[in-house]
Amino acid sequence: MGRESRQLANAKLSEAYNAVGKSLAKYCRVRLGDAADEADDCVQEAFCVYYKRLLNGEEFQNPRAFLYRTADIMVRRAKEEYVIKAQHTASLESAENTEVFIPDENAADIDYDAVKEILISSLSEDEQLLYQQKYVEGLSLKEIGKALDIAPAAVANRTSRLRAKIKRLIEPVLENEKKGGS
């Protein structure tokens, strides 16, 4: 692939993203309902498919229609995965009658407040603020977006990245806490 054709593909991708990106993200969030956390992934996958086809020299008469059709396929896949995951989740009623299994005898000795403080202290100031607003104060994405002067979709992206970071950080902290460290 030549440099000119790559530049042309990049320009077309940028043009399509600017024209359709926000509305496509909103469309995916609405279509996904309870699984709306997957909307950004669906949009990203749709644009990846579009970009790969551009790089292969494919021409599009209506990029918007192609992106919506492709995103719709991604939405259907995300919904199917969400349903499968939901089927493996126990209801609260059945969970109440279930014994709690503690895999490690030292797990009962963990000071979860200390673990929480360690985790929060490892976040950047912006991440700590987002954590506070979203999980402590319980603000909506719209309310947080207004406070930070950013779009709710940007707040959703940041929240998703924050959750992923916390998941990555929690395992080593729990291991350290089990060993008696801090």
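**View 1. Ser-14 in helix H1 of the predicted model.** Ser-14 is found in helix H1; helices (H or I, at least four residues) and strands (E, at least two) are DSSP runs, numbered from the N terminus. The model is a predicted one, in which local features need pLDDT of at least 70 and side-chain atom pairs count only at pLDDT 80 or more, whereas totals for chains, interfaces and linings use all residues. Residues are numbered from 1 along each chain as its sequence is written, and side-chain values use heavy atoms, with hydrogens and water left out. Ser-14 is partly exposed, at a relative accessible area of 38%; buried means under 20%, exposed over 50%, and partly exposed in between (1.4 Å probe, protein chains only). From C-alpha to C-alpha, Ser-14 lies 9.9 Å from Phe-47, although 33 residues separate the two in sequence.

**View 2. The aromatic pair Tyr-17 and Phe-47.** The structure holds six aromatic pairs. Rings of Phe, Tyr and Trp (its six-membered ring) pair if their centres lie within 6.5 Å; planes under 30 degrees apart count as stacked, over 60 as edge-to-face and the rest as tilted. Tyr-17 and Phe-47 form an edge-to-face pair, with 5.3 Å centre to centre and 65 degrees between the planes. Tyr-17 lies in helix H1 and Phe-47 in helix H2, so the pair ties together parts that are 30 residues apart in sequence. Tyr-17 is partly exposed, with a relative accessible area of 47%, whereas Phe-47 counts as buried at 7%.

View 3. Tyr-50 and Phe-66 form a tilted aromatic pair, 6.1 Å centre to centre and 40 degrees between the planes. This pair links distant parts of the chain, with Tyr-50 in helix H2 and Phe-66 in helix H3, 16 residues apart. Both Tyr-50 and Phe-66 are buried. Together with Phe-60, these two residues form one aromatic cluster.

**View 4. The largest nonpolar core, around Leu-24.** A nonpolar core is a set of buried Ala, Val, Leu, Ile, Met, Phe, Trp, Tyr and Cys residues joined through side-chain atoms within 4.5 Å. The largest one has 25 residues, of which Leu-24, Cys-28, Leu-32, Cys-42, Tyr-50 and Leu-67 touch the most other members. Helices H1, H2 and H3 are the elements that give two or more residues to this core. H2 supplies the largest share, nine residues. Leaving out residues up to four places away in sequence, Leu-24 touches Val-43, Ala-46, Phe-47, Leu-67, Tyr-68 and Ala-71, where contact means heavy atoms within 4.5 Å. Apart from this core lies another, of seven residues, including Leu-130, Tyr-131, Ile-144 and Leu-162.

**View 5. Helix H3 and its cover.** Helix H3 (residues 63–87) has 25 residues and reaches 36 Å from its first C-alpha to its last, close to the 36 Å expected at 1.5 Å a residue. The expected span is 1.5 Å times one less than the number of residues in the helix. Buried residues of H3 include Phe-66, Leu-67, Tyr-68, Thr-70, Ala-71, Asp-72, Met-74, Val-75 and Ala-78. Among the elements that cover the buried residues of H3 are helix H1 (3–32) and helix H2 (39–55).

**View 6. Cys-42 and Cys-28.** The structure holds zero disulfides, a disulfide being a pair of cysteine sulfur atoms within 2.5 Å. The cysteine sulfur closest to that of Cys-42 is in Cys-28, at 5.3 Å, too far for a bond. Cys-42 is buried, with a relative accessible area of 3%, whereas Cys-48 is partly exposed at 32%.

**View 7. Gln-133 in helix H6.** Gln-133 is found in helix H6 (residues 125–136) and counts as buried, at 8% relative accessibility. Neighbours within four places in sequence aside, Gln-133 is in contact with Gly-138, Leu-139, Ile-144, Ala-147 and Leu-148.

**View 8. Arg-158 in helix H8.** Arg-158 has its place in helix H8 (residues 152–178) and is partly exposed, with a relative accessible area of 38%. Arg-158 touches Leu-130, Leu-148 and Ile-150, not counting residues up to four places away in sequence. Arg-158 and Glu-127 are 31 residues apart in sequence and 8.3 Å apart in space, C-alpha to C-alpha.

**View 9. Confidence along the chain.** The mean pLDDT of the protein is 81, and 81% of its residues reach 70 or more; pLDDT is the predictor's confidence in each residue, from 0 to 100. Confidence is lowest in helix H4 (residues 92–96), at a mean of 55, and highest in H2, at 90. Where pLDDT is low, the predicted coordinates should not be read in detail.
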